[in-house]
Amino acid sequence: MPFDFGIKDIIDILLVALMLYYVYRLMKESRSLSVFGGIMVFVLVWLLVSQIFEMRLMGSILDKLVSVGVIGLVVLFQEEIRKFLYSLGGSQRFRSIAHFFRLRHHKDEVVEDKETIMPIVMACMNMARQKVGALIVMERGVVLDDVVETGDRIDARINQRLIENIFFKNSPLHDGAMIISKKRIKAAGCILPVSHDLHIPKELGLRHRAAMGISQESDALAIVVSEETGRISVAIHGHFRLRLSAEELEAILAKEVR
């Protein structure tokens, strides 16, 4: 029987290689690379036993282990799987398609909301001048109710003075994150997931790692005011925009927050 190798086989190999690459990168970021190596060894042994050597008894045992092991892996790596699925849905091409249809559907709506954006920008600039640390999370498509529950509910209109008072050094809520949702300050003093990404510059502190963490696990936008340097940064889609001016911060919020 001649060996048939076509274009579908090439695509199949490329897709498997791409999937393995993403899984490898995800495991590396979550410090589970050794677990990934163990899983790959088990899969290779399973393929050799069941497909190459056709050992029926051993193959059937390994088949049962694989079927049960898949459920175990889903439970064990639920956070990594959620992050992987979000990275697919939050990719640049997917966002571009969604943005296109959003523009077609809302082409007559006003994009920039000064009443929501400007109090945040002005509060961040004042806190930056006084070197008051702050962490503000803007909820977008992914609901952050689980994060809100870790802090104190406020449910107040967005107000520059209120934002500055919450992050004042003697305020009991200044160490946590403020969550803004649907043009209202929903909660403050909230706890965010901290990113363990090794590519984050060492000079960035815990607030920046928390901002990166929420931007990796959701589509939220996180604004950080550094207490040490007074510089303003934004974390979005797992990337930082550092050393922002008032105009740059306003432009990012006008573009990304709807």
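**Overall.** I kept in mind that this is a predicted model. I found 10 helices and 7 strands in the chain. Of its 258 residues, 36% are buried. The chain exposes about 16,700 Å², and carbon and sulfur atoms supply 62% of that area. Among contacts with a separation of 6 or more, 59% link residues 24 or more positions apart.

I traced an open sheet of 7 strands in the order 2-4-3-1-5-6-7, with mixed pairing. Strand 2 (152-157) and strand 7 sit at the edges, each pairing on one side only. From one strand to the next, the twist averages 25 degrees. I then looked at strands 6 and 7, which run antiparallel and are joined by 3 bridges. There, isoleucine 236 stands opposite histidine 239 of strand 7.

**Helix 9.** This helix packs on the sheet, touching strand 1 (134-138), strand 5, strand 6 and strand 7. Its direction makes about 175 degrees with that of strand 5. I checked its length: at 1.5 Å a residue, the 12 residues of helix 9 (206-217) should span 16 Å, and the end C-alpha atoms are 16 Å apart, so the two agree. How many of its 12 residues are buried? I noted 9, including Arg207, His208 and Met212.

**Helix 10.** I saw helix 10 pack on the sheet too, at about 165 degrees to the direction of strand 5. Its buried residues are Ala246, Leu249, Glu250, Ile252, Leu253 and Ala254. Those residues pack against helix 6 (114-129) as well as strand 5 (221-225), strand 6 (232-236) and strand 7 (239-241).

Key: Residues numbered from 1 in each chain as written. Predicted model: local features only at pLDDT ≥ 70, side-chain atom pairs only at ≥ 80, totals over all residues. Heavy atoms only, no water. Buried < 20%, exposed > 50% of the residue type's maximum accessible area, 1.4 Å probe, protein only. Helix = DSSP H or I, 4+ residues; strand = E, 2+ residues; numbered from the N terminus. Contact = heavy atoms within 4.5 Å. Areas by Shrake-Rupley, 256 points an atom, 1.4 Å probe, with all protein chains shown as cover. Expected span 1.5 Å × (residues − 1). Pairing = 2+ DSSP bridges. Axes fitted to C-alpha atoms, helices over the stretch in contact; angles between N-to-C directions.
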